[in-house]
Amino acid sequence: MTLRIGVLGASRIAESAIVGPAQELGHRLVAVAARDPLRAQAFADKYGVERVVPTYRDLIDDPDVDVVYNPLANALHAPWNLAAVAAGKAVLTEKPFARNRDEAAQVAAEAEAAGVTVMEGFHYLFHPVNRRALSSATDGTLGELRRIEVRMGMPTPQPDDPRWSLELAGGALMDLGCYALHIMRRFGEPSVVRASAVQRSPGVDERFKADVVFPSGLTGLTINSMVDDEYSFTLRLVGSRGEAFVHNFISPRDDDRLTLRTAEGTTVEHHGTRASYTYQLHAFADHVRNGTPVPLDTADAVANMALIDEAYRAAGMQPR
């Protein structure tokens, strides 16, 4: 079930998100295209990609490519995913799925009509540490779940980074907060109670905070910053009988600990440092080749973008 993967762009994230997992699992990186041909060639030489093709369109139309990996800037996710769908190519797309809910719905509709898989790359969901944390909130370990807290921080990107561009749909909520809202939504569909942002430039948030509430009364908090001193991605689930704390839910290969605190005491579990991206590509390939279900579909992606839009409006900002 070897996939023949074409990579759009020569992005920084591609090494960990697709190159390493493909090599580990035995899939082929058959083509890469980038705006800068020299950068594409350097990427191909470094990572063993079989061919460089001139344009994104050439890659999508390439008959030797049956899966497209899209790590382009946020504003380019939907347009090129639509192009891949029209060409009948399955897509593994980086998050966020689109710029906004309406654009996400368009991609979802086209993918469904064409019978083509488009999966949003929320890789964290496939790693055992997060699966264990989520199950602890539903199997009685923590009792009745009452609170979810997701705190995400990273060092400041360079001034010319696409994540600082409103035109390219950047911002802390788009880049980091999409994860936080997504993991909260594993427990239902919340509403945003309040939100606030610190804007680096008009419309582009460098910090974003949101409080949410679920119909059950469960509450959630997400704090996201692209101007911290170091990386920090923590998940805390608090229940009536205890709490679960994932020390790095985005990159368990750097820290695979899950700390459980209950009346019986505190335990620290380790769930392995295999990359979450590898688990994700394994599941995606199995789905594309064999139809094996995955926990992510386009309806989930549309709902996540709708919540992002809601959060931006609650902070007095416009959706992307």
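Two strands are paired when DSSP finds at least two bridges between them.

## Basis of the model

The structure is a predicted model, in which local features need pLDDT of at least 70 and side-chain atom pairs count only at pLDDT 80 or more, while totals for chains, interfaces and linings use all residues. Residues are numbered from 1 along each chain as its sequence is written, and side-chain values use heavy atoms, with hydrogens and water left out.

Helices (H or I, at least four residues) and strands (E, at least two) are DSSP runs numbered from the N terminus.

## The parallel sheet

An open sheet is built from 5 strands in the order E2-E1-E3-E4-E5, and its pairing is parallel. At the edges stand strand E2 (28-33) and E5; each has a single partner strand, so one side of each is left without a neighbour in the sheet. On average, and with direction ignored, neighbouring strands of this sheet are turned by 20° against each other. Such angles use axes that are lines fitted to C-alpha atoms, for helices over the stretch in contact; angles between N-to-C directions run from 0 to 180 degrees.

Strand E1 (residues 4-8) runs parallel to E2 and is joined to E2 by 5 bridges. Leu 8 has Ala 33 as its bridge partner in E2. Helix H2 packs on the sheet and touches E1 and E2, its direction making about 165° with that of E2; contact here means heavy atoms within 4.5 Å. E1 is also joined to E3, again in parallel, by 3 bridges, and the partner of Gly 6 in E3 is Val 68. E3 and E4 pair in the parallel sense over 4 bridges.

Buried means under 20% relative accessible area, exposed means over 50%, and partly exposed lies in between (1.4 Å probe, protein chains only).

Asn 70 has Thr 93 as its bridge partner in E4. Thr 93 lies in strand E4 (residues 90-93) and is buried, with a relative accessible area of 0%. The side chains of Thr 93 and Asn 81 make a polar contact (3.0 Å). A polar contact is a pair of N or O atoms within 3.5 Å; within protein, one must be able to donate a hydrogen and the other to accept it, and residues adjacent in sequence count only if both atoms are side-chain atoms. Not counting residues up to four places away in sequence, Thr 93 touches Asn 70, His 77, Asn 81, Val 118, Met 119, Glu 120 and Gly 121.

## The mixed sheet

Another open sheet has 8 strands in the order E7-E8-E9-E6-E10-E11-E12-E13, with mixed pairing. Its edge strands, strand E7 (191-201) and strand E13 (265-270), each pair on one side only. Neighbouring strands of this sheet are turned by 10° against each other on average, direction ignored.

Strand E8 (residues 204-213) pairs with strand E9 (residues 219-228) in the antiparallel sense over 7 bridges, and Phe 208 has Asn 224 as its partner in E9. H6 packs on this sheet, touching strand E10 (232-239), strand E11 (242-246), strand E12 (257-262) and E13, with its direction at about 20° to that of E12. Helix H9 (residues 298-314) lies across E7 and E8 and runs at about 70° to E7.

## Aromatic pairs

The whole structure contains 8 aromatic pairs. The ring centres of Phe 43 and Tyr 47 are 4.8 Å apart and the planes stand at 65°, so the pair is edge-to-face. Rings of Phe, Tyr and Trp (its six-membered ring) pair if their centres lie within 6.5 Å; planes under 30 degrees apart count as stacked, over 60 as edge-to-face and the rest as tilted. Phe 43 and Tyr 47 are 4 residues apart in helix H2 (residues 37-47), about one helical turn, and both are buried.

The rings of Tyr 124 and Tyr 179 are also edge-to-face, because their centres are 6.3 Å apart and their planes are at 70°. Tyr 124 lies in the loop between strand E5 (118-120) and helix H6 (128-136) and Tyr 179 in helix H7 (residues 172-184), so the pair ties together parts 55 residues apart in sequence.

## Charges over rings

The charged end of Arg 200 sits over the ring of Trp 164, 4.2 Å from its centre. Arg 320 likewise has its charged end over the ring of Tyr 312, 4.2 Å from the ring centre. A charge sits over a ring if NZ of Lys or CZ of Arg is within 6 Å of the ring centre and within 35 degrees of the ring normal.
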